[in-house]
Amino acid sequence: MIKRICLVFLLVNSMLFNAQEDKKHFGIDVNNFHGSILKHNPDISHLITGHPSGIILSFQQKTFGDKEWQRLYNNPDYGVSFIYQDMDNEYLGEHLGVFLHYNFYFFNRLLFLRIGQGMSYATRPYDEDSNFRNIAYGTHLQSASYALLNFKKENLLDRLGLQAGLGVVHYSNGNSKAPNKSTNTLFLNAGITYSLDHYETEYPPKEKKLVKKTEPVGYGFIFRSGVNESDVVGSGRFPFYTVGGFIDKRFNKKGAVHLGAEVFFSRALERYIYFRSVGGFDDGTTGDEDAKRVGMFLGHELRVNKISVLTQLGYYVYYPYDFEGRTYLRAGLQCYFTKNIFGSFTVRSHAAKAEVMEFSIGYRF
């Protein structure tokens with residue numbers, strides 16, 4: 001494992017050596033990790049047979065308070081990371097993922113929390129003939145996210161440093177195609193860091209009352225869409241549409257709360273209702289049930305520059321057909337293209353079970 005880390009580090013260092021003079025305030029790190037798949041669903045028990053391992057290679061830009069959002073969050077790093085992971089199971093195969101990430105620092109910059117979101121390629125997804133036991137991934141392409149909580153000490157030996165801690169990585173296709181039981185890997189990691197900045201730079205002290213700022217109540221509209229499939233493998237992938245409105249209150253420069261309502265139109269749910277009505281399940285489904293749902297949600301928005309982290313809790317107030325439960329969760333990222341126009345990528349789930357990956361566009365007044 002140590003040889004693998006050093007090889008990757010030397011390759012990256014050789015590519016960047018000639019550009020160091022022009023790329024101040026950048027850094028790289030290489031981490032090896034080793035862990036276990038969490039049994040969040042008993043259906044994946046047969047896939048938890050080993051201890052996944054891999055490498056995280058990251059390239060990030062340091063910030064030093066030149067912009068207000070940097071000072072709000074104690075001068076975080078932001079960058080790109082690549083993860084190679086061997087799932088240590090013949091049916092799950094390997095993952096190759098690319099992520100955008102932020103590093104948020106605490107305790108005099110000795111501890112950082114990294115949040116990364118991206119996409120991953122699964123080498124051995126479900127196949128009804130050759131890999132029917134892999135019910136975790138129904139597609140090659142997966143939505144992926146990971147988090148690290150690491151202790152880090154930079155510049156221990158010239159510009160070389162060390163870091164170590166724990167993390168978790170999640171893979172799921174958001175039920176865009178069945179099956180999709182997903183996986184979560186909890187792991188320990190350790191690695192080396194390298195700063196491309198020749199000089200020590202002082203961070204500005206925290207400004208008192210910097211975060212304080214309120215705005216009047218706003219309102220807006222949002223349209224969400226995508227494709228998904230019910231849990232019935234082979235039932236087909238169909239588009240869905242969601243139309244909603246919201247009001248929000250920005251109570252400081254970091255966050256806002258919002259309240260909204262939305263209407264869900266799902267072709268996959270229509271197909272599922274038909275399947276239950278003709279499949280001889282004797283559960284009372286007639287096929288005439290309404291597949292539309294109406295929900296109300298309460299949520300929070302955490303602003304980091306032009307990017308927001310969204311979390312919402314919803315409840316179906318109109319729920320004519322019982323499907324996965326009346327409460328739902330939504331989480332993801334939102335980006336403001338202009339002051340009023342935004343787009344988002346979110347996952348809507350019922351407890352730990354994803355129903356859809358949503359691509360949204362909205363307008364806020």
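Ala-147 belongs to strand β6 (residues 141-157), where helices (H or I, at least four residues) and strands (E, at least two) are DSSP runs numbered from the N terminus. The model is predicted: local features need pLDDT of at least 70, side-chain atom pairs count only at pLDDT 80 or more, and totals for chains, interfaces and linings use all residues. Residues are numbered from 1 along each chain as its sequence is written, and side-chain values use heavy atoms, with hydrogens and water left out.

Beyond its neighbours within four places in sequence, Ala-147 is in contact (heavy atoms within 4.5 Å) with Arg-114, Ile-115, Leu-166, Gly-167 and Val-168. Its C-alpha atom is separated by 7.1 Å from that of Leu-113, which is 34 residues apart along the chain.

**Barrels**

Strands of a sheet pair through backbone hydrogen bonds, either parallel or antiparallel. Here two strands count as paired if DSSP finds at least two bridges between them. Eight strands, in the order β1-β2-β3-β4-β5-β6-β7-β8, close into a barrel with antiparallel pairing. Neighbouring strands of this sheet are turned by 25 degrees against each other on average, direction ignored. A closed barrel of eight strands also runs β9-β10-β11-β12-β13-β14-β15-β16, again with antiparallel pairing; the twist from one strand to the next averages 25 degrees.

| Strand pair | Bridges | Facing residues |
|---|---|---|
| β10 (residues 238-250) and β11, antiparallel | 11 bridges | Phe-240 with Ser-266 in β11 |

Helix α3 (residues 267-278) lies across β9 (218-228), β10, β11 and β12, and runs at about 45 degrees to β11. For such angles, axes are lines fitted to C-alpha atoms, for helices over the stretch in contact, and values run from 0 to 180 degrees between N-to-C directions.

**Second largest pocket**

A pocket is an open set of points on a 1 Å grid over the protein atoms alone, where a 1.4 Å probe fits, with protein on both sides within 12 Å along at least five of seven lines; lining residues have an atom within 4 Å of a point. The second largest pocket holds about 620 Å³ of space, the volume being that filled by probe spheres set on the points. Its lining comprises 26 residues, of which Lys-213, Glu-215, Arg-250, Lys-253 and Arg-303 lie nearest the centre. The elements giving two or more residues to this lining are α2 (68-72), β11 (255-266) and β12 (293-304); α2 supplies the largest share, three residues. By class, the lining has 10 nonpolar, six polar and 10 charged residues. Ala, Val, Leu, Ile, Met, Phe, Trp, Tyr, Cys and Pro count as nonpolar, Asp, Glu, Lys and Arg as charged, and the others, Gly among them, as polar.
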